[in-house]
Amino acid sequence: MEHAAHDHHGSHASHADHTGHAGHGTGTASWGMAAKATLHCLTGCAVGEVLGMIIGTALGWGNAPTMALAIVLAFLFGYSLTLWAVKRAGLTLKAAVGVALAADTISITVMEIVDNAVLLVVPGAMDAHLSDALFWGALAFAFLVAFLVTTPVNKWMIGRGKGHAVVHRYHH
């Protein structure tokens, strides 16, 4: 029934003042909304980053090229999750790419800076192998710290209609 009330808009461009979606561009955003956006970002980043580390480690690459591959794949997978979601909402590929870039760039960037910085300061983490508990423990710890740092960033951006709030315009 609530969707019938939305018909007068013609599109989701003015989604910020719809009931049930408070906080998208209204100057406030809930911590739950920010956490959900951050978890979405973390999922894509984690898949890409772990895959990059597995590939680099398996190929015997050094730390720098392995980290570079992991970061590139984190952005690729992070953007891909958003692209998939907004393409399902009917956007063209060009429009979906624009939404993904607007929605995720700052969040992924903050997440990657933080989690890679944590990995660099955890003793032995960069030299740990895939079979080492230190590898997986340090990575989990880095993702946790990145989540805790990125969530307030996402809260601030969503409250201003930026970041993940851009994606919510296309949710039905």
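Modeller: Trp 156 lies in helix 4, where a helix is a DSSP run of H or I of at least four residues, a strand is a run of E of at least two, and both are numbered from the N terminus. The model is predicted, so local features need pLDDT of at least 70 and side-chain atom pairs count only at pLDDT 80 or more, while totals for chains, interfaces and linings use all residues. Residues are numbered from 1 along each chain as its sequence is written, and side-chain values use heavy atoms, with hydrogens and water left out.

The protein has 5 helices and 0 strands, and buried residues make up 40% of its 172 residues. Buried means under 20% relative accessible area, exposed over 50%, and partly exposed in between, with a 1.4 Å probe and protein chains only.

Trp 156 counts as exposed because its relative accessibility is 52%. The C-alpha atom of Trp 156 is 7.3 Å from that of Ala 29, although 127 residues separate the two along the chain. Val 153, also in helix 4, has 24% relative accessibility and therefore counts as partly exposed.

The next point is contact, which means heavy atoms within 4.5 Å. Setting aside neighbours within four places in sequence, Val 153 is in contact with Ile 106 and Val 110. With the neighbours left out in that way, Thr 150 is in contact with Thr 38, Ser 107, Val 110 and Met 111.

Several of these partners belong to helix 3. The axes of helix 3 and helix 4 (residues 133–159) come within 8 Å and cross at roughly 150°. Axes are lines fitted to C-alpha atoms, for helices over the stretch in contact, and angles run from 0 to 180 degrees between N-to-C directions. Helix 3 and helix 4 are therefore roughly antiparallel: angles over 145 degrees count as such, under 35 as roughly parallel, 65 to 115 as roughly perpendicular, and the rest as oblique.

By class, the contact has 16 nonpolar, 3 polar and 1 charged residues. Here Ala, Val, Leu, Ile, Met, Phe, Trp, Tyr, Cys and Pro count as nonpolar, Asp, Glu, Lys and Arg as charged, and the others, Gly among them, as polar.

A nonpolar core is a set of buried Ala, Val, Leu, Ile, Met, Phe, Trp, Tyr and Cys residues joined through side-chain atoms within 4.5 Å. Of the 26 residues in the largest such core, Cys 45, Met 53, Met 111, Leu 119, Leu 139 and Phe 143 touch the most other members. Helix 1 (31–58), helix 2, helix 3 and helix 4 each give two or more residues to this core. Apart from it lies another core, of 7 residues, including Val 86 and Ala 96.
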